[in-house]
Amino acid sequence: MELLQLRYFLEVARTQHITRSAERLHIAQPSLSQSIKRLEAELGVKLFAAHGRNIVLTEYGKFLQAKLEPLMHRLDAIPDQLREMADPEQTTICLHVTAASLIVSEAIIEYRRMHEKTNFRFLLGDEAHMYDVSIEAEHGLRPQAMSQENSFTCNERIFLAVPDVERFRRLTHVRLEDFRDASFISLNSGRPFRQICDRFCAEAGFAPRIAFESDSPDTVRNMIAARMGVGFWPAFSWGKLQPGRARMLEIIEPQCRRSIVIRLQRNRMDSRVVEDFFAFLGDFFMARMSEAYGIL
């Protein structure tokens with residue numbers, strides 16, 4: 001198999017249209033068709049099948065596409081990695097962030113003050129697995145493992161945020177089952193934090209009645225402060241509530257916790273800058289967690 005052949009295959013796999021792919025690749029259609037046929041002959045399987053006037057991937061084609069795409073991403077990254085080796089102080093750190101994005105952003109700002117040549121890129125979708133550092137949340141508690149080489153964990157308490165009104169002012173803690181009839185303000189259903197919170201409600205024996213959902217923690221905060229409902233609130237990663245407008249109550253049953261797991265992935269020959277940021281991020285999270293729990 002030749003590298004150019006494989007690139008041609010991936011382009012046709014994306015468009016599933018020979019003529020369109022030939023135009024995008026700036027080659028003649030017959031040349032592209034012959035390249036695909038030679039690849040199929042070499043592999044001994046059909047990669048595409050006719051579907052009306054178009055073509056579709058066979059199961060063999062889908063398998064080859066899934067195997068090749070990560071490899072091509074890595075090959076395409078080599079020129080940048082070589083440039084980074086020539087100037088080790090300048091690099092781009094790739095992040096995959098699905099939790100605690102506010103704290104991650106603050107950490108980046110602080111780190112950039114000390115390392116002006118370091119850049120950051122947030123990965124989404126198909127590129128997510130190419131991260132240097134990932135920040136994700138998991139339901140429940142994990143061992144708090146700062147000593148592990150490639151990951152560490154911050155365990156975060158989840159409180160119930162309520163409007164600052166008379167019926168809540170004398171409370172310091174609650175049972176979640178007492179809010180089975182409440183209106184909940186929440187993140188959208190596709191967000192990992194929402195899925196974790198739905199599990200908390202399931203453990204309490206009910207499905208939450210969602211009055212309003214949003215992609216923004218700030219919107220959730222404002223809607224709770226406006227007395228539109230109650231909502232789950234991570235103790236340190238979402239910041240403070242507005243004094244006089246909303247309060248946090250401890251949930252004593254079930255225990256509502258999540259683990260924020262920060263992982264390091266060594267994708268490059270020289271990972272010193274990535275490892276330095278990984279260590280910095282761990283210290284930054286632990287400092288923020290101590291600060292938040294100190295004022296609750």
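A count of ring pairs gives 14 aromatic pairs. Rings of Phe, Tyr and Trp (its six-membered ring) pair if their centres lie within 6.5 Å; planes under 30 degrees apart count as stacked, those over 60 as edge-to-face and the rest as tilted.

The structure is a predicted model: local features need pLDDT of at least 70, side-chain atom pairs count only at pLDDT 80 or more, and totals for chains, interfaces and linings use all residues. Residues are numbered from 1 along each chain as its sequence is written, and side-chain values use heavy atoms, with hydrogens and water left out.

Burial was assigned from relative accessible area: buried is under 20%, exposed is over 50%, and partly exposed lies in between (1.4 Å probe, protein chains only). Tyrosine 111 has 1% relative accessibility and is therefore buried. Phenylalanine 120 is buried too, at 18%. Tyr111 and Phe120 belong to one aromatic cluster with Phe277, Phe280 and Phe284. Tryptophan 238 is buried at 9%.

The chain has nine helices and twelve strands. Helices (H or I, at least four residues) and strands (E, at least two) are DSSP runs, numbered from the N terminus. The radius of gyration of the chain is 25 Å, whereas a compact globule of 296 residues would have a value near 19 Å. This radius is taken over C-alpha atoms, and the globule rule is 2.2 Å times the number of residues to the power 0.38. Along the principal axes, the C-alpha atoms fill a box of roughly 80 × 50 × 30 Å. Of the 296 residues, 44% count as buried.

Contact means heavy atoms within 4.5 Å. Among contacts between residues at least 6 apart in sequence, 76% join residues at least 24 apart. Neighbours within four places in sequence aside, leucine 249 is in contact with Phe159, Leu160, Val162, Phe168, Leu171, Thr172 and Val174. The C-alpha atom of leucine 249 is separated by 62 Å from that of methionine 1, 248 residues away along the chain.

Several backbone features fall in loops. The peptide bond from glutamate 253 to proline 254 is cis, with omega near -5 degrees. Proline 254 sits in the loop between strand S11 (246–253) and strand S12 (257–264). Glutamine 16, a residue other than glycine, has a positive phi near 50 degrees. Its loop joins helix H1 (3–15) and helix H2 (18–25). Glutamine 16 is partly exposed, at 26% relative accessible area. Histidine 26 likewise is not a glycine, yet has a positive phi of about 60 degrees. Histidine 26 lies in the loop between H2 and helix H3 (29–43). At 72% relative accessibility, histidine 26 is exposed.
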